[in-house]
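Hello,

Here is the structure I promised to pass on to you. My notes on it follow below.

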Amino acid sequence: MRSRWLAVYSGALLAFLHAPLLVLIVFSFNASRFTVWEGFSLRWYGAAVNDPQLSESLVNSLIIAGVSSVLATLIGTLAAYAIWRRAAPVFSGSLYLSLITPEIVSGVSLLALFQWFFRFAHLKLGMYTVVIAHVAFSLAYVAIVISARLKSYDRSLEEAALDLGATEWRAFRKVTLPFLAPAVAAAFLLALVVSFDDYVITSLVAGVDSETLPMVIYAMARRGVSPVVNAVSSLILIAFGGIILISQRLQRQ
Amino acid sequence: MNLRRWFLLPARVWMALSFAAPLAFVCGYAFLTRGDFGGVDRPWTLESFARLADPIYLGILWRSVWIAAAATASCVLLGFPLALFIARAGKRRNLYLQLVLLPFWTSFLVRTYAWLFILRETGLVNTILMGLHVIHSPIQLLYNDGAVLLGLVYNFLPFFVLPLYATLEKMDPLLLEAAADLGAKPRRVLWRVIVPLSAPGIAAGSVLVFIPCLGAYLTPDLLGGGKSIMLGNLIQNQFTTSRDWPFGSAASIVLMLTGALLLSALLRSRAARELL
């Protein structure tokens, strides 16, 4: 009896976690502008696709997320491997610290640094400042995924390669890297999502020409709710959900 | 051994320049004076920290702590039974864990926006209540502390459930059997055995919820409107509209230090350390 109540409660709480998102997706197909169901329609999706501001910011977001997640995956994978070879407590500590630092603090502190730097260099905020910031916060995620995979890696495999005369680089390239491949792919997808979704840090370090999709969604949401935002949000939810499921499957391999 | 150093170098440089250096700048700026055209100027001073003791700002600090504490307490109350259920679910554990995590991994912005869509004046709740003739005109559900609290609990509940689940899952079922055999009723087993043994998980989960809630920016901004200003919004405001960088920096330091202190207190316990 008690365990049945627990199951009912847990089912209700899990439903609570998913319901708002499902409601959003359902109403994105609503013909009406209002929250009353008037029939199935794709008109808000059509409006979203034809909105120049949305498509422009989508392109920006894709470029930023693409570049920063490639960089973060590359740098983060090498770093995780290095830490696995021998611990680097200060560096690992800074990675963890970056995870728990409130986004708003990371954002304003990067802004302060950039503004200081611009006093000496004739540059201004733009796409590249966003990429620098995104790589910084994605590194910890990549390192965690790769480190988890390395925990189940047998050190003697690499030692065998070295004993057989491979250089350190060749042993890494031919033995370790193939073992890490699924985790590298998973880390890349995770970094992609984390970067694409960021609003707080991005809004602080983006320039006038580098408005991202979350920034446009945020502005539209504040202005009052337009069903177009529901359509874009639903697309993001579905795309993210798919990417994360693939990423988790890769991590379990 | 050389290879390792080269592999670590790019990440070290990147973290030093785009994480450690900016934080060092903010720590320095907090002791400077606001410049005439924004930015910072000399002389060095403690004035920004003194201003944090101003009743207006103490109020914001207090409100942030209160909302973050209420969100944490809600996560404990809501999340404990769920974590217990998942830990006892046998083969279905992974499925339920996935269900907890999936919304968490989808867009943070969209998750917050979904509540805006549901709670606004022409939103789902008001439309339904008016359709049922419970109310005649829309009620204001957004832009108050309750909406912020709801948004925070919704967004950060998985942070509590996961470490607690990890503790509960490791618990030896024989201990529960022993307690029952010795005559303890289920309620007594819960309070005298399960809750004390899962203390590290509860502590870890609470800290993991409290820290991001204290520094929350997006949720109070979207769901709280201008009224429900928290520390994160204050900091953002100082660096953008108000252009008072030293004061914004001082507030950032207070926020960072609070989080760091809580985390280091937690890391003292070995059981909690293993969960993180």
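The contact between the two chains takes 67 residues from chain A and 64 residues from chain B, where two residues are in contact if their C-beta atoms, placed from the backbone, lie within 7 Å. On the side of chain A that touches chain B, at least two residues each come from α1 (2-28), α3 (52-85), α4 (89-100), α5 (103-118), α6 (127-150), α8 (168-197), α10 (213-223) and α11 (227-252) of chain A. The largest share of that side, 13 residues, is supplied by α1(A). By type, the residues of the side of chain A that touches chain B are 49 nonpolar, twelve polar and six charged. Here Ala, Val, Leu, Ile, Met, Phe, Trp, Tyr, Cys and Pro count as nonpolar, Asp, Glu, Lys and Arg as charged, and the others, Gly among them, as polar.

Please keep in mind that this is a predicted model: local features need pLDDT of at least 70, side-chain atom pairs count only at pLDDT 80 or more, and totals for chains, interfaces and linings use all residues. Residues are numbered from 1 along each chain as its sequence is written, and chains are lettered from A and ligands numbered from 1 in the order in which they are written.

Now to chain B. Chain B has 14 helices and two strands; helices (H or I, at least four residues) and strands (E, at least two) are DSSP runs, numbered from the N terminus. Its C-alpha atoms fill a box of roughly 75 × 70 × 40 Å along the principal axes. Of the 276 residues in chain B, 44% are buried. A residue is buried if 20 or more other C-beta atoms lie within 10 Å of its own, exposed if 12 or fewer, and partly exposed in between. Among contacts in chain B between residues at least 6 apart in sequence, 72% join residues at least 24 apart.

Most residues other than glycine have a negative phi, and most peptide bonds are trans.

- The peptide bond from R42(B) to P43(B) is cis, with omega near 5°. P43(B) sits in the loop between β2 (40-41) and α2 (47-51) of chain B.
- Y143(B), not a glycine, has a positive phi of about 60°. Y143(B) lies in the loop between α6 (124-131) and α7 (145-170) of chain B. Why is Y143(B) called partly exposed? Because Y143(B) has 17 other C-beta atoms within 10 Å.
- R243(B), also a residue other than glycine, has a positive phi near 50°. The loop between α12 (231-239) and α13 (245-267) of chain B holds R243(B). R243(B) is partly exposed because 15 other C-beta atoms lie within 10 Å.

Regards
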